[in-house]
Amino acid sequence: MTTRPEPVPGQDAPNSTDDPEPVGSSDGAASDDQPRLSVAAVARRLGVAPATLRTWDRRYGLGPSDHTSGRHRRYAPDDIARLEQMQRALLRGASPMEAARYARTVAAPLPQRYPESAEQQQPDSDGSGDGPMMLSGVLDGAGDIKLVGGSNTGGRGLKLVGAGPHARGLGRAALALDSWSVQRLLIESVESDGVVGTWRGMLQPVLRAVSERRQRSGSGVEVLQLLVDCASTALRSVIANAQAPINPRPVVLAPVPGEAQELELVALAAALAANRVGHRLFGAALPREGLAAAVRRSAPAAVVLWADQSHYASPRVLDDIPITRQRARAFVVGAGWAHQALPAHVELLDSLEAAVARVSEAVLG
C-alpha cells in the first residue's frame with residue numbers, strides 16, 4: 001500500500017476534507033463566544049496546506065484547544081496566535097518540534113493534550129519531525145529563537161546543502177509565497193550581516209536552489225519571480241536609506257543592452273551605497289544609446305557593466321560608451337564576461353565582494 005507524504009509549508013497538497021463552515025461556528029463545543037475559523041480558512045491565512053495544520057495538531061498539539069473527536073476543527077483567536085508564532089519560528093530556520101515549543105512558550109498555555117509518548121514526541125527518521133522539513137532551530141533561555149548551524153539540506157524539493165538557518169528560513173518563506181516574510185528576513189539579514197554577507201550566505205543559495213528546482217520540475221516560476229522581486233525591494237531599501245555619498249563623481253552601473261537579469265547589479269549598488277559610494281543605477285531596459293548618453297551626462301569616475309549571459313557580453317558594447325573621454329575606470333562583472341577578450345583598459349571583477357572592494361577603492365582612493 002502506498003502512503004502519501006504529508007505536505008510542508010509552501011507546498012501543494014490535496015484539498016482538505018474539512019467542511020469549511022462559516023466563521024463563528026464552534027460545533028457546540030466552545031465555552032465562549034470567540035469567532036472561530038475552519039481548517040481551510042486558517043490554512044489560507046497562514047499560507048500552508050490544510051493537511052499541515054492537522055499534522056501540527058496531531059504531533060505537537062497546536063490545534064483547536066476545545067476540539068473533540070468526531071467534530072470539525074475550529075480555531076479560536078488564541079489557537080491561531082500560537083500557529084502564527086510557530087510559523088514565525090519555522091521561517092527563521094527552527095525545526096518543527098522547536099517551533100512548536102516556541103509557540104507554546106510565547107503564547108497562552110494550551111491544555112495538556114499534545115502527545116505524551118516518547119514515540120510521538122520524537123522526530124521522524126529523517127530528523128525533521130514533520131517530513132523532510134528544514135532543521136536547525138533551538139530556543140534560548142528567554143524563549144527567543146536562537147539559530148544554530150545544521151547539516152540538513154533544506155525543504156522537500158528545495159536543495160540547500162550546507163546552507164545556514166537563515167537561508168533555510170528564506171527558502172521556506174519563498175516556497176510559501178510569503179512576500180512579507182521574504183522581505184523582512186532579507187532586511188534583518190542586511191542589518192546584521194551586511195549586503196555582501198546576505199547575498200553570499202542567504203540570498204544566492206536560495207536563488208540557486210529555486211532555479212534548480214524549477215529546472216528539475218518545470219514549475220515554480222512564480223516562486224523565483226517573487227523571490228527576485230522581494231530581494232530587489234529589500235536591496236533598494238538599502239540604497240534609499242543610505243547616507244549621503246562622499247565621492248564627487250558617481251559610478252554608473254548598468255546591465256549590457258539586452259541583458260534581462262539585474263539583481264546582482266542591484267546588490268552591488270546596495271553594497272556601494274552602504275560604503276557611501278554614490279552611483280547611478282540603470283535597469284535592464286536601458287538601450288545602448290541611452291547608456292552612452294548616461295555616461296556622457298554623468299561624467300562618472302567609473303562605469304560598471306554587468307552581464308549574466310555570454311551572448312550579451314560583447315566587448316563591442318564598450319566601444320559605444322565614451323569611457324575614455326570621461327577618464328572613467330571601466331569594470332565588467334557577471335558570469336557572462338568570464339571567457340570574453342576584453343580591452344586593456346577594462347578590468348574584470350569575478351565576484352560581488354571583489355566588485356565592491358575594487359570599485360570603492362577606485363572612486364574613493
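**Entry 1: the nonpolar core.** I looked up the largest nonpolar core of this predicted model and found 54 residues, with V182, L203, L227 and L268 having the most contacts inside it. Such a core is a set of buried Ala, Val, Leu, Ile, Met, Phe, Trp, Tyr and Cys residues joined through side-chain atoms within 4.5 Å; buried means under 20% relative accessible area with a 1.4 Å probe, protein chains only. I noted that helix 7 supplies the largest share of this core, twelve residues. Domain 2 (165–239) and domain 3 (244–364) both contribute residues, so this core lies between them; the bounds come from an automatic or database domain assignment.

**Entry 2: V182.** Apart from neighbours within four places in sequence, I found V182 in contact (heavy atoms within 4.5 Å) with L170, A173, A174, L226, L227 and C230. I also recorded a second, separate core of 22 residues, A41, I80, A89 and A100 among them.

**Entry 3: the lining of the largest pocket.** I sorted the lining by class into 18 nonpolar, eight polar and six charged residues. Ala, Val, Leu, Ile, Met, Phe, Trp, Tyr, Cys and Pro count as nonpolar, Asp, Glu, Lys and Arg as charged, and the others, Gly among them, as polar. Helix 7 (179–217) gives the most to this lining, with six residues; helices are DSSP runs of H or I, at least four residues, numbered from the N terminus.

**Entry 4: conventions.** I number residues from 1 along each chain as its sequence is written, and side-chain values use heavy atoms, without hydrogens and water. In this predicted model, local features need pLDDT of at least 70 and side-chain atom pairs count only at pLDDT 80 or more, while totals for chains, interfaces and linings use all residues.

Technical notes:
Helices (H or I, at least four residues) and strands (E, at least two) are DSSP runs, numbered from the N terminus. Buried means under 20% relative accessible area, exposed over 50%, partly exposed in between (1.4 Å probe, protein chains only).
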